[in-house]
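Subject: Structure handover

Hello,

Here is the structure for you to look over. My notes follow below it.

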Amino acid sequence: MKILKAILNYTLEVIKESIAQVFTILGFFIAWLTMTGTAQQLTGIATVVAIIIWLATIPLRKEE
């Protein structure tokens with residue numbers, strides 16, 4: 001039960017952080033759309049990696 005509660009809390013934090021950064025994520029998406037070829041691929045990979053790292057480090061940035 002404790003693990004389920006932790007997963008739920010983390011999921012809510014991810015949703016809150018994503019809503020707070022919606023325009024940044026939208027900017028990344030627009031940048032990806034405007035490129036072609038290798039530049040588009042590299043931008044897409046970099047965007048996905050950056051978002052994963054950003055979401056994975058939520059507990060490190062959380063003030064207690």
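In the protein chain, where is confidence lowest and where is it highest? Confidence is lowest in α4, at a mean of 84, and highest in helix α3 (residues 37-56), at 93. These scores are pLDDT, the predictor's confidence in each residue, from 0 to 100. The protein chain averages 91, and 98% of the residues score at least 70.

Some ground rules. This is a predicted model: local features need pLDDT of at least 70, side-chain atom pairs count only at pLDDT 80 or more, and totals for chains, interfaces and linings use all residues. Residues are numbered from 1 along each chain as its sequence is written, and side-chain values use heavy atoms, with hydrogens and water left out.

Overall build

The protein chain has 4 helices and 0 strands. From the N terminus the order is α-α-α-α. The radius of gyration is 15 Å, well over the 11 Å that the globule rule gives for 64 residues, so the chain is more spread out than a compact globule. That radius is taken over C-alpha atoms, and the globule rule is 2.2 Å times the number of residues to the power 0.38. The C-alpha trace spans about 45 × 20 × 20 Å along its principal axes. Helices (H or I, at least four residues) and strands (E, at least two) are DSSP runs, numbered from the N terminus.

Surface

The accessible surface comes to about 5400 Å², and 74% of that belongs to carbon and sulfur atoms. Areas come from the Shrake-Rupley method with a 1.4 Å probe; for residues, only the protein chains shown count as cover. Buried residues make up 11% of the 64. Buried means under 20% relative accessible area, exposed over 50%, and partly exposed in between (1.4 Å probe, protein chains only).

V22, F23, L26, F29, I30, W32 and L33 make a nonpolar surface patch of about 700 Å². A patch takes residues with over 30% relative accessible area and no salt bridge; like charges are joined within 9 Å, nonpolar side chains (Val, Leu, Ile, Met, Phe, Trp, Tyr) within 5 Å. F23 lies in helix α2 (residues 22-34). F23 is exposed, with a relative accessible area of 69%.

Salt bridges

Side chains of opposite charge can pair when their charged atoms come close. The count here is 2 salt bridges. The rule is a side-chain nitrogen of Lys or Arg within 4 Å of a carboxyl oxygen of Asp or Glu.

K16 pairs with E13, with the closest N and O atoms 3.7 Å apart. Both sit in helix α1 (residues 2-20), 3 residues apart, about one turn of the helix. K16 is exposed, at 53% relative accessible area.

R61 pairs with E17 at 3.4 Å, N to O. This pair links distant parts of the chain: R61 is in helix α4 (residues 58-61), E17 in helix α1, 44 residues apart. R61 is partly exposed at 39% relative accessible area, and E17 is partly exposed at 21%.

Inside helix α3

T43 is found in helix α3. T43 is buried, with a relative accessible area of 17%. A polar atom of the T43 side chain lies 2.7 Å from the backbone oxygen of A39.

Best regards

Note on methods. A polar contact is a pair of N or O atoms within 3.5 Å; within protein, one must be able to donate a hydrogen and the other to accept it, and residues adjacent in sequence count only if both atoms are side-chain atoms.
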